Structures are given as C-alpha cells and as structure tokens.
Amino acid sequence: MDNGTTLTRFILEQERQHPEATGEFTALINDIGIAAKLVAREVSKAGLVDILGLTGRKNVHGEHVQKLDEFANEVFIKSLEYTGHLAAIASEEMEDFCPVPEFFPRGKYILLMDPLDGSSNIDVNISIGTIFCIFKRRSEGNVASLGDFLQPGSAIVCAGYVIYGSSTMLVYSTGHGVHGFTLDPSIGEFLLSHESIRMPERGKIYSINEGNYTIWEDWTKEYIDDIKMKKEKSLRYVGTLVADIHRTLLKGGIFLYPGDKKNPSGKLRLLYECFPMAYLIEQAGGYAYDGQQRILDKTPVELHERSPLIIGSKQDVEEVLKFIKGGN
Ligand code: P6P
C-alpha cells in the first residue's frame, strides 16, 4: 500500500530532478512544515485555552494583536533562524526586519512572512493562514540590509502558504510548479495531495468585499455589475486572503482587493501577501496585476507598503484589465 509521499521525500525528489537545486530549500521548507504543525496545533485548540482574546497590544499597523499572531510569529522565527540558510526575517508583526542572531550562521536567503493572515477570523473558527516568500540576498557582508527585502517580485525564489482550515495544508513553489501537501495528524506528516496544481483558464467564482461598493472606482463597479448581469459567476468571499486564494488556485475565478477612493493602494501588503500569492498563481498558469502592472514586476520602496491585487484565472484577469482600460 502506498503510504503517500511526505513533504521531505517530495522535496528531495524535486531536488534530484533539478541539478541547480542546492538542497537549502529542503531544509527551509521542512522547517516551515514543522513550524506550521506547531501553529496548527494551537489554532486547532484556540477555543479551548486562553490563547484567544486580545493581548491589548497593537502591531505596527495599529491593529489589535491576537495572542495567536504573536505565537505564530515567534514559532516561525524560532523554527527558521537556526537553519543557517537565512540572514534575516521580516514579518507583518514586526516594524523592522529581524537579522538572524549572530550566534547562528547566517545564510544567503531572506524570508518575508505574514505569520497569521486573517487573524480577525480566529475567534469565529474561519480558516486562517501563514504566507511566506524567500529571496536571495543581494547585499554582501554579515548583516542583511533593507535593500535585500526591497527586491522586485520577479526575484522571488520560493513562496508558499499554510492554510489552517478543515485540514491543514502547505502549498509551495520553488519555480517548478505548485504543489500541495495535506497534514495527516495521525502521523504528523504533510502528505502530497495536490501535485502540479494548474488553474482553469476561466472560473465561475468572483471574490471581492462588496461592502466597499460605494468607495469603489467606476471600473470596479462596472466590472462587478457586468458579472452580476451576466449571471456567470457566484460570489465567494471568506475575508482571509489565504482561504480566498487557495479556492481560486484550485477552482479558478477571480479575486480582487482593488484600490478604491478611500485607499488608492488597497489594503493588502505587497511584500508578504501580494508577492507570494502572485508567484504561486502565475506558477499555476494564472495572472496577478495591481491594475496597472504585473504584481511580480513591482519593486517595493517600503517593507509594509500596500498594493491593489487583481489575481486569478488568466482570462478572468484579462477581462478585468479591459474594464480598467475602459475597453469593456
Ligand atoms: P476586508 C485579513 O485581515 C486580510 O489582511 C486578508 O487576509 C483579507 O483578504 C483581507 O484582510 C480582508 O479585508 O477589508 O475585506 O475585511
């Protein structure tokens, strides 16, 4: 009986298929898997122990920090900083990037993460997630610089997410397709469940927060009104980026968090939300734009800058771009 392909085995087999692979991702992705299991354990019992509720502290964006946010941030940092493959880590939960402590060897990669995306959904038992992407350092010397984090999205070498939902899944890509692994809690292993994910060219779902309708730009109203008139798509919106993108990756369709009259840059963070999701969706045959340009062609100027995001099946994104250009 086939006991399934573990994450470790799959990464090693991928490494053998790609001579340029150095094996450093093997260790990093394995350790991301371990951190994900530790966070999944706490998420699954969040309602049972006093880990819920606000810390009373706020993160750098003025948002109340759930205890699980802090826990997840610490777990991922502690699980990755010792590997010797990373020089520094940046996180939605930290104002500045965090160099790997000097008593650990510092490697040639840097990691950006949203350790617990959708944390406002923790208390109502809706799926939440972790999002990450990895770049190769550009700076020399022992300490990474801010410039190492402000690279164009096209320089990403690895990206992925963990979704803590009805099951816990780890989805990642190192540029050779997108692969999904489902945690088997009975053996504590992530087993290959979705190899080489490919998106449909067009989907039957659209995903946007319609509560923002009155502050949308005209093109957004026209596009969504057109979808409703044609009755070709159903609306699904979880309010956790990882969950909405995971559904879009598997079933196709379109997700939009556009800029609007109140927030022209939208809400989502470019470096650790838009970049990783754009990398994965494009690896699976989809598109990701900010409305004016391809997300992965953008070069950030600030660690926590925001970006509009229009992402999903190729033909659905192309349709949106027509409305933006006014050529609908
Ligand atoms: P809204 C969660 O807070 C988050 O950052 C993303 O995970 C999600 O896509 C978005 O915000 C939801 O924002 O304004 O629709 O509640």
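In strand β4, Pro99 is the bridge partner of Ala88. The model is predicted, with local features requiring pLDDT of at least 70 and side-chain atom pairs counted only at pLDDT 80 or more, whereas totals for chains, interfaces and linings use all residues. Residues are numbered from 1 along each chain as its sequence is written, and side-chain values use heavy atoms, with hydrogens and water left out. Strands (E, at least two residues) and helices (H or I, at least four) are DSSP runs numbered from the N terminus, and two strands are taken to pair if DSSP finds at least two bridges between them. The pairing of β3 with β4 is antiparallel and extends over two bridges; the two strands form a hairpin with six residues between them.

Strand β3 (residues 86–91) also runs parallel to strand β5 (residues 109–117), to which five bridges join it. Within this pairing, Ala90 stands opposite Leu112 of β5, and Ser91 stands opposite Met113 of β5. β3 is mostly covered, six of its six residues being buried; buried denotes under 20% relative accessible area, exposed over 50%, and partly exposed the range in between (1.4 Å probe, protein chains only).

These strands belong to an open sheet of eight strands with mixed pairing, in the order β4-β3-β5-β6-β7-β8-β9-β10. The edges are formed by β4 (98–99) and β10 (189–194), each of which has a single partner strand, so one side of each is left without a neighbour in the sheet. In general, strands of a sheet pair through backbone hydrogen bonds, either parallel or antiparallel.

Helix α3 (residues 67–80) lies across β3, β5, β6 (128–136) and β7 (158–164), and runs at about 155° to β5. Helix α7 (residues 270–283) lies across β3, β5, β6, β7 and β8 (168–173), at about 85° to β6. Angles run from 0 to 180 degrees between N-to-C directions, with axes fitted as lines to C-alpha atoms, for helices over the stretch in contact.

Salt bridges, defined by a side-chain nitrogen of Lys or Arg within 4 Å of a carboxyl oxygen of Asp or Glu, number 16 by this rule. One of them joins Glu81 to Lys78, with the closest N and O atoms 3.7 Å apart. Glu81 is buried, at 9% relative accessibility, whereas Lys78 is exposed, at 57%. In the salt bridge between Arg294 and Asp297, the closest N and O atoms are 2.6 Å apart. Arg294 is partly exposed at 27% relative accessibility, as is Asp297 at 44%.

Glu319 and Lys322 also form a salt bridge, with an N to O distance of 3.7 Å. Both residues lie in helix α8 (residues 314–325), three residues apart, about one turn of the helix. Glu319 is buried, with a relative accessible area of 16%, while Lys322 is partly exposed at 44%. A network of salt bridges links Asp226, Lys230, Glu319 and Lys322.

Val124, Ile126 and Val238 make a nonpolar surface patch of about 210 Å². Patches consist of residues with over 30% relative accessible area and no salt bridge, with like charges joined within 9 Å and nonpolar side chains (Val, Leu, Ile, Met, Phe, Trp, Tyr) within 5 Å. Accessible areas come from the Shrake-Rupley method with a 1.4 Å probe, and for residues only the protein chains shown count as cover. Val238 is located in the loop between β12 (234–235) and α6 (241–251), and is partly exposed, with a relative accessible area of 32%.

Definitions and conventions. Contact means heavy atoms within 4.5 Å.
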